Amino acid sequence: MESGPQYEILWNKNKIVYLHFLYTIDIYMQNNMTKKELRIAIRTKKRELGAEELKRMSANAAALIEQDNDYINSKIIMVYHPLWDEVDVTGIYEKAFAAGKRVILPTVKGDDIIPVEITPNTKWVKGDFDIMEPVAEPYQGTFDTIIVPGVAFDREGNRLGRGKGYYDRFLPNHEQAIRIGICFEFQLVDNIPAEPFDYKMNHLIVVK
C-alpha cells in the first residue's frame, strides 16, 4: 500500500464520482471471495484496528458528506447511528440541523427498519444490538438522500450488508431517494456478488 492519499475517478449509474482518500488492501481485491468470506475478512480487519482507531478514521466523515452535491441539494436526509465498527457520521446531525435539513434515522423493529425523525432535543435509549436509538414517532414521508452503511462496497455500487436484509427490504420502498454508500477505505473491494434484489448505491463516500 502506498502512503499518502490517492485519488480515483469512478463511473457509476448516475454520474462520475470523486472518491476521497482511496486505498486498497490486497486481501480484499480477490474476485472469487464469497459474501461470507468478505464479511469475515472485513470483520477481522476491523477488530485488528479497534474501535478507537475506527473512530479516529471517521473524523472527516461529516466534512466529506457536507461536500457531497446530493447532500447539499437535499432537504430531507436519512443517515444512521453507527455501531462501533461503522463510519461515525454523528457529526453530520448538528451540521444538517444548522443547514435547515430534516434528519431521519433508522430504528429496527423486528425484521424491519422504522425511520424516525430527530431534532436537537430528541431523547435516546438503547435499542436492538445495543444501538442508541431516538425516542420519536415513526416518520412516514419520503427522503431526498439516504446515507447507507455497509460491510463492503464495490466500484459498481454494489453493497454487502451484515446479512440481515434490513436495507434490502427498506430501499425498494424509497426508489426516488439518492442512495449514498459510506465506508472506510479497506471496505472498498473489487467485486461483491450481487443478487437481483440488491439495490446499488448511486455513489460512494470513502473515508480514511
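Me: Which residues does I65 touch, not counting residues up to four places away in sequence?
Reply: Keep in mind that this is a predicted model. I65 belongs to the largest nonpolar core, and it's listed with V79, V87, F143, I146, I182 and V207 as touching the most other members. Leaving out residues up to four places away in sequence, the partners of I65 are Y71, V89, I92, I147, I182 and I205.

Me: What classes of residue line the second largest cavity?
Reply: This cavity holds about 50 Å³ of space. Its lining is made up of R159, Y167, D168, L171, D198 and Y199. Sorted by class, that gives no polar residues, 3 nonpolar and 3 charged.

Me: Is P120 buried or exposed?
Reply: P120 sits in the loop between strand 5 (112-118) and strand 6 (123-126). Exposed means over 50% relative accessible area. P120 has 56%, so it counts as exposed.

Me: How many Å apart in space are P120 and F97, C-alpha to C-alpha?
Reply: Along the sequence, P120 and F97 are 23 residues apart. In space, going C-alpha to C-alpha, the distance between P120 and F97 is 7.6 Å.

Terms used:
Residues are numbered from 1 along each chain as its sequence is written. This is a predicted model: local features need pLDDT of at least 70, side-chain atom pairs count only at pLDDT 80 or more; totals for chains, interfaces and linings use all residues. Side-chain values use heavy atoms; hydrogens and water are left out. On a 1 Å grid over the protein atoms alone, a cavity is a set of points where a 1.4 Å probe fits but cannot get out, and a pocket is an open set with protein on both sides within 12 Å along at least five of seven lines; lining residues have an atom within 4 Å of a point. Grid points are joined across faces, edges and corners, and a volume is the space filled by probe spheres set on the points. Ala, Val, Leu, Ile, Met, Phe, Trp, Tyr, Cys and Pro count as nonpolar, Asp, Glu, Lys and Arg as charged, and the others, Gly among them, as polar. A nonpolar core is a set of buried Ala, Val, Leu, Ile, Met, Phe, Trp, Tyr and Cys residues joined through side-chain atoms within 4.5 Å. Buried means under 20% relative accessible area, exposed over 50%, partly exposed in between (1.4 Å probe, protein chains only). Contact means heavy atoms within 4.5 Å. Helices (H or I, at least four residues) and strands (E, at least two) are DSSP runs, numbered from the N terminus.
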